[in-house]
Amino acid sequence: MRGSGRAAPKRAMMLAAGIGKRMRPLTATTPKPLIEVAGRALIDHGLDRLEAAGVEEGGVNVHYLADLIEVHVGRRQRPRAIISDERKALLDTGGGIRKVIDHFGDEPFYLMNSDSFWIEGVRPNLQLLAETWDDARMDALLLLSSTVPAVGYEGKGDFLLDPVGRLRRRPGSQVAPFVYAGAAILHPRLFAGAPEGAFSLNLLFDRAIDAGRLFGARMEGVWLHVGTPEAVREAETAIRNSAA
């Protein structure tokens with residue numbers, strides 16, 4: 001699948017408003033995005049990759065222990081953080097982005113989850129997404145990991161990938177070969193007609209699937225899904241082994 005050749009996104013959205021129930025007791029006094037893995041806060045692993053990709057500024061939504069996250073990301077020069085305040089009410093993944101969608105104008109932007117990152121392969125994965133992006137055919141391009149080598153993931157997968165990169169959902173209780181790795185490029189048009197308030201981004205993904213405009217790109221390297229204290233240890237072991 002060949003990309004359109006347009007410039008890589010300069011803006012991003014980092015989802016950092018989760019409560020982190022599965023990460024307890026670590027999240028009793030520390031918000032999940034600030035839990036450290038291999039000496040870096042989870043959110044910094046993602047922001048470091050955005051900075052390396054040339055992203056200049058990004059929205060960061062906050063809710064649980066929001067002041068701590070706001071102060072932390074405010075210390076960074078790149079990407080410059082634009083705080084989206086969800087202290088009063090969580091807006092879920094879709095609503096959180098919709099709240100700041102006007103900031104992105106009519107340009108594609110990166111999306112990243114603060115609890116997912118990866119050990120890079122030969123080519124940086126955000127570069128891979130940018131090179132694969134085709135504005136004429138896509139409303140969203142998701143970074144995908146194979147389920148087998150993923151660290152900290154025990155699910156049945158999310159998607160099936162057709163020969164040209166279009167995605168469809170895992171059928172029922174069956175197993176799918178690919179899982180969404182928590183990074184994507186989205187176009188603001190994906191949010192046209194989106195509901196007000198809280199809603200899941202999956203609502204828009206399903207709509208894009210129906211229109212044939214949800215695509216996936218297979219990542220290089222190893223995906224680290226850090227959702228529990230045990231997964232923190234597994235991720236640190238994988239990072240050490242990769243450097244050996």
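Predicted model: local features only at pLDDT ≥ 70, side-chain atom pairs only at ≥ 80, totals over all residues.
## Residue D44

D44 belongs to helix α1, which covers residues 42-52. With a relative accessible area of 6%, D44 is buried, since the cut-off for that class is under 20%.

The side chain of D44 forms a polar contact with the side chain of R76 at 3.0 Å. When neighbours within four places in sequence are set aside, the residues in contact with D44 are H72 and R76.

## Helix α4

Helix α4 spans residues 125-132, and because 6 of its 8 residues are buried, the helix is largely enclosed by the rest of the structure. The buried residues are N125, L126, L128, L129, A130 and T132.

## Helix α6

Helix α6 comprises 15 residues, 229-243. From its first C-alpha to its last it reaches 22 Å, close to the 21 Å expected at 1.5 Å a residue.

P229, A231, V232, A235 and A238 are buried in α6. An α-helix has 3.6 residues a turn, so residues three or four places apart point the same way. The packing partners of the buried residues of α6 are β2 (36-37), β7 and β13 (222-225).

## The largest pocket

The largest pocket holds about 880 Å³ of space. Its lining consists of 33 residues, and those nearest the pocket centre are L15, D92, T93, N113 and D115. By class, the lining residues divide into 13 nonpolar, 12 polar and 8 charged.

Several elements each supply at least two residues of this lining: α3 (92-98), β6, β11, α5 (201-210) and β13. Among the contributors, α5 gives the most, with 3 residues.

About 170 Å³ of space lies in the second largest pocket. The residues that line it are R22, G152, Y153, E154, H225, G227, T228, E230, A231 and E234. They divide into 2 nonpolar, 4 polar and 4 charged.

Helix α6 gives the most to the lining of the second largest pocket, with 3 residues. A231, one of the lining residues, is also one of the buried residues of α6.

Note on methods. Residues numbered from 1 in each chain as written. Heavy atoms only, no water. Helix = DSSP H or I, 4+ residues; strand = E, 2+ residues; numbered from the N terminus. Buried < 20%, exposed > 50% of the residue type's maximum accessible area, 1.4 Å probe, protein only. Polar contact = N/O pair within 3.5 Å; in protein donor to acceptor, adjacent residues only side chain to side chain. Contact = heavy atoms within 4.5 Å. Expected span 1.5 Å × (residues − 1). 1 Å grid on protein atoms, 1.4 Å probe; cavity = no way out; pocket = protein on both sides within 12 Å on 5 of 7 lines; lining within 4 Å. Points joined across faces, edges and corners; volume = space filled by probe spheres on them. Nonpolar A, V, L, I, M, F, W, Y, C, P; charged D, E, K, R; others polar.
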